[in-house]
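Biologist: I would like to learn how to read metal sites and helix packing in a model. Could you walk me through one?

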Number of protein chains: 2
Amino acid sequence: MPQSSNPIAATFAPHDHQECAHRALDEAAARLAEQGARLTPVRRRTLEILLESHRALGAYEVLDRLAAEGFGRQPPVAYRALEFLVSHGMVHRLQRLNAFTACLHPGDDHHPAFLICRSCDKVAEAAGVPIRDSLTEIAGRGGFQVERATIEAVGLCATCAAGGAE
Amino acid sequence: MPQSSNPIAATFAPHDHQECAHRALDEAAARLAEQGARLTPVRRRTLEILLESHRALGAYEVLDRLAAEGFGRQPPVAYRALEFLVSHGMVHRLQRLNAFTACLHPGDDHHPAFLICRSCDKVAEAAGVPIRDSLTEIAGRGGFQVERATIEAVGLCATCAAGGAE
DNA sequence: GCACCAAAAGTTATCTTATCACATTCGGGT
DNA sequence: ACCCGAATGTGATAAGATAACTTTTGGTGC
Ligand SMILES: [Zn+2]
Ligand SMILES: [Zn+2]
Ligand SMILES: [Zn+2]
Ligand SMILES: [Zn+2]
């Protein structure tokens, strides 16, 4: 993730994104190698496409890009690559958007909360643990065992709030 | 909501659902009247269908029911009724399921967290405020202003955990 | 009652998102 | 070279959602 005190602010603020994306890709490659999972060309390219920005892309946006680069042009091409990356923790799916975003720190807390800026469309990952704890506690009092949680917020990032459409 | 100490447990446990549904419908009708909004036949029937169980139904499931009862059989019929009910707080949309569930206490905390049982498919509403507070706090430290939040958990309810598939 | 208007309901068509089923290719192990 | 399972490619189709337009309904002013 970008270099800054706060990873959320860092995601939305201008930053050396080349470095940011490159780092996430390297880390993903390393983790997949560890797990003995194959980062094939389509899969690698899919991850690179998602890493080009901090936005979330729909499966068909990804597919168009892949098709234009010589990969297959049928939906399963994109969906399979995305599913592979999601199941290995390299990409997250955003339920509110029906879209996918690259994980910036695969391996860490893999159950983040997502902050989606309605102005610039960027997505940041926030620490999900405290929020999940709160949810687990409330659910637990009703006898409900939480297994997976979706936590997604829509709002305005600091950069956009500052008027920053530049 | 069902009569019990804990509203979450009460939703999943067997209860006098007639009473439960009837109450929610009356309350919805009263609130809509207050607001000067019209609870037309399709809208009313849509709400009744959702209130038949604590499950979430897809728009097309609702549509099939409506069509079978003499209402229109085109998707907008269901989507419009559902959108009306959602925008007036009588129904909630579950992002994870692409489905809709009736609100059991319209007017209260209208930003609940949802607990979805993977075994019985029932959905309960939990107090969303403490969880949202936690989310707002974490986001705020990164300069992000939360406007709307989606909080949905999948897991196992107490009744199902107790082996209760009866 | 009647003309009028806006809201609601109906209908056709289309768009977006996602999955199925099956054929082909690729890559490692023998 | 042969085998086998994983990965990829393709055509078809399912599932979810909306756009655009017409008709009906229900209330308002006359
Ligand atoms: Zn970056
Ligand atoms: Zn922004
Ligand atoms: Zn009930
Ligand atoms: Zn259950």
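Modeller: Gladly, and let us begin with a metal: the zinc ion (ligand 1) is coordinated by A:His15 through NE2, A:His17 through ND1, A:Cys20 through SG and A:His54 through NE2, at 2.0 to 2.3 Å. Keep in mind that this is a predicted model.

Biologist: How are the donor residues of the zinc ion (ligand 1) spaced in sequence?

Modeller: The pattern is H-x1-H-x2-C-x33-H. A:His17 belongs to helix H2 (residues 17-35) of chain A, while A:His54 sits in the loop between helix H3 (41-51) and H4 of chain A, so this pair ties together parts that are 37 residues apart in sequence.

Biologist: Which residues are the protein donors of the zinc ion (ligand 2)?

Modeller: They are A:Cys117, A:Cys120, A:Cys157 and A:Cys160, each through SG, lying 2.2 to 2.4 Å from the zinc ion (ligand 2). The angles subtended by the 4 donor atoms run from 101 to 121°, which makes the arrangement tetrahedral. In sequence, the donor spacing for the zinc ion (ligand 2) reads C-x2-C-x36-C-x2-C. A:Cys117 lies in strand S3 (residues 113-117) of chain A and A:Cys160 in helix H7 (residues 158-161) of chain A, so the pair ties together parts that are 43 residues apart in sequence.

Biologist: And in chain B, which residues coordinate the zinc ion (ligand 4)?

Modeller: The zinc ion (ligand 4) is held by the SG atoms of B:Cys117, B:Cys120, B:Cys157 and B:Cys160, at 2.2 to 2.4 Å. Its 4 donor atoms subtend angles of 100 to 119°, which makes the arrangement tetrahedral. The donor residues of the zinc ion (ligand 4) follow the spacing C-x2-C-x36-C-x2-C. B:Cys117 is in strand S3 (residues 113-117) of chain B, and B:Cys157 is in the loop between strand S5 (145-156) and helix H7 (158-161) of chain B, so that pair ties together parts that are 40 residues apart in sequence.

Biologist: Now for the helices. At what angle do the axes of H4(A) and H5(A) cross?

Modeller: For a helix pair, read the axes first, then the side chains. The axes of helix H4 (residues 59-68) and helix H5 (residues 75-87) of chain A come within 9 Å and cross at roughly 110°. That makes H4(A) roughly perpendicular to H5(A). Their crossing is right-handed. On the H4(A) side are A:Ala59, A:Tyr60, A:Val62, A:Leu63 and A:Leu66, which meet A:Pro75, A:Val77, A:Ala78, A:Tyr79 and A:Leu82 of H5(A). By class, this contact has 10 nonpolar, no polar and no charged residues.

Biologist: How do H3(A) and H5(A) cross?

Modeller: Their axes come within 9 Å and cross at roughly 80°. H3(A) and H5(A) are therefore roughly perpendicular to each other. A:Val42, A:Arg43, A:Thr46, A:Leu47 and A:Leu50 of H3(A) meet A:Val77, A:Ala81, A:Leu82, A:Phe84 and A:Leu85 of H5(A). The class count for H3(A) with H5(A) is 8 nonpolar, 1 polar and 1 charged.

Biologist: In chain B, is H3(B) oblique or roughly perpendicular to H4(B)?

Modeller: The axes of helix H3 (residues 41-51) and helix H4 (residues 59-68) of chain B come within 10 Å and cross at roughly 120°. That makes H3(B) oblique to H4(B), since roughly perpendicular covers 65 to 115 degrees. H3(B) passes H4(B) in a right-handed crossing. The contact is made by B:Val42, B:Arg45, B:Thr46, B:Ile49 and B:Leu50 of H3(B) with B:Val62, B:Arg65 and B:Leu66 of H4(B). By class, the contact of H3(B) with H4(B) has 5 nonpolar, 1 polar and 2 charged residues.

Definitions and conventions. Residues numbered from 1 in each chain as written. Chains lettered and ligands numbered in written order. Predicted model: local features only at pLDDT ≥ 70, side-chain atom pairs only at ≥ 80, totals over all residues. Heavy atoms only, no water. Axes fitted to C-alpha atoms, helices over the stretch in contact; angles between N-to-C directions. Helix = DSSP H or I, 4+ residues; strand = E, 2+ residues; numbered from the N terminus. Parallel < 35°, antiparallel > 145°, perpendicular 65-115°, else oblique. Left-handed = near helix turned anticlockwise from the far one by under 90°. Contact = heavy atoms within 4.5 Å. Nonpolar A, V, L, I, M, F, W, Y, C, P; charged D, E, K, R; others polar. Donors = N, O, S within 2.8 Å, 3.2 Å for Na, K, Ca; no water. Tetrahedral: all angles 85-135°; square planar, octahedral: opposite > 155°, others 65-115°.
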